[in-house]
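Open the model in your viewer and keep the sequence panel beside it. This tour tells you what to select at each stop and what you will find there.

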Amino acid sequence: MKVLIFALFVVGAYSCGSPAVTPVLSRVVGGDDVRPNSWPWQVSLQYRSGSNYYHTCGGTLIADSWVLTAAHCIGSRTYRVYLGKHNLNDNEADSIAIAPAKIIVHEQWDSYRIRNDIALIKLETPVTASHAIMPACLPEDGHILDHDSPCYVTGWGRLWTGGPIADTLQQALLPVVSHANCSRPDWWGSLVTNSMTCAGGDGQLASCNGDSGGPLNCQAADGSWEVHGVVSFGSSMGCNYAKKPSVFTRVSAYSAWISDVMARN
């Protein structure tokens with residue numbers, strides 16, 4: 001899959017998943033402010049209301065014209081994709097807002113059972129790779145992360161349950177929870193499928209409202225960062241509820257769909 005990304009992105013000195021600014025990897029509810037430009041594939045999906053735009057979801061740049069996000073983030077609104085952002089309230093020289101040319105929601109998206117919660121946005125104009133904007137790598141088709149693998153969720157979601165949206169991009173370490181554990185009756189039970197990835201569940205750190213659509217970032221053996229998950233859902237009892245880890249659409253379960261959509265559009 002990384003070969004596909006290299007073919008679609010004019011990378012120059014930049015390659016997927018290798019930020020020029022190294023993330024500070026420490027222990028999005030209870031998370032930490034990120035080092036600026038250390039997750040340069042993170043985007044803010046924003047909707048228009050009146051003459052202004054407002055953050056609604058995250059997303060991941062995976063090629064020069066393509067952003068990965070969640071199907072539940074997409075509605076009938078007018079959107080823009082903001083790339084290269086760190087603080088949503090600041091004017092940042094390296095950031096750029098681009099309108100979508102197309103939005104493709106998975107044709108089997110099931111909002112009732114939360115199945116196939118994935119969408120792709122084709123940007124109106126391609127972006128040029130820089131220290132502030134570059135794509136994440138995609139994992140190998142079908143790859144399953146080991147239990148307790150260290151991954152990071154990033155986003156501008158609520159700082160705590162019912163709290164304000166973050167101004168500054170946040171990160172939180174969320175260890176992967178195996179499907180066997182996540183599907184236990186006192187965890188998520190049958191609501192989680194093999195096409196999902198769970199992470200967190202310690203009752204302290206989690207994704208939250210506003211993080212939806214954003215990446216679960218996991219480091220590969222070669223040091224590059226891969227987007228293994230798309231933030232999908234969490235507990236209605238709170239963003240950081242014990243035994244209710246954050247649930248992500250597992251990207252490696254949709255490799256063929258992603259490739260097909262990008263090839264046909």
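## Stop one: a sulfur bridge

The torsion about the S-S bond of Cys151 and Cys218 is about 115°, so this disulfide (a pair of cysteine sulfur atoms within 2.5 Å) is right-handed. Select both residues. Cys151 sits in strand β9 (residues 150-155) and Cys218 in strand β12 (residues 215-219), 67 residues apart, so the pair links distant parts of the chain. Helices (H or I, at least four residues) and strands (E, at least two) are DSSP runs, numbered from the N terminus. The S to S distance is 2.1 Å. Both Cys151 and Cys218 are buried (under 20% relative accessible area; exposed is over 50%, partly exposed in between; 1.4 Å probe, protein chains only).

A word on the model: it is predicted, with local features needing pLDDT of at least 70 and side-chain atom pairs counting only at pLDDT 80 or more, while totals for chains, interfaces and linings use all residues. Residues are numbered from 1 along each chain as its sequence is written, and side-chain values use heavy atoms, with hydrogens and water left out.

## Stop two: more bridges

How many disulfides does the rule count? The count comes to 4.

Select Cys57 and Cys73 next. A disulfide joins them, S to S 2.1 Å. With -90° about the S-S bond, this link of Cys57 and Cys73 is left-handed. Cys57 lies in strand β3 and Cys73 in the loop between β4 and β5, so the pair ties together parts that are 16 residues apart in sequence. Both Cys57 and Cys73 are buried.

Now pick Cys16 and Cys137, joined by a disulfide with S to S 2.1 Å. The torsion about their S-S bond is about 95°, so the disulfide of Cys16 and Cys137 is right-handed. Buried or exposed? Cys16 counts as buried at 2% relative accessibility, and Cys137 counts as buried at 1%.

## Stop three: the cores

Select Leu61, Ile62, Leu83, Leu120, Leu123 and Ile258. Of the 43 residues in the largest nonpolar core, these touch the most other members. Such a core is a set of buried Ala, Val, Leu, Ile, Met, Phe, Trp, Tyr and Cys residues joined through side-chain atoms within 4.5 Å. Elements giving it two or more residues include β2 (42-49), β3 (52-63) and α3 (255-264). This core draws at least three residues from each of domain 1 (40-135 + 255-264) and domain 2 (149-252); the bounds come from an automatic or database domain assignment.

Last, select Cys151, Ala172, Leu216 and Phe248. They are among the 11 residues of another core, which lies apart from the largest one.
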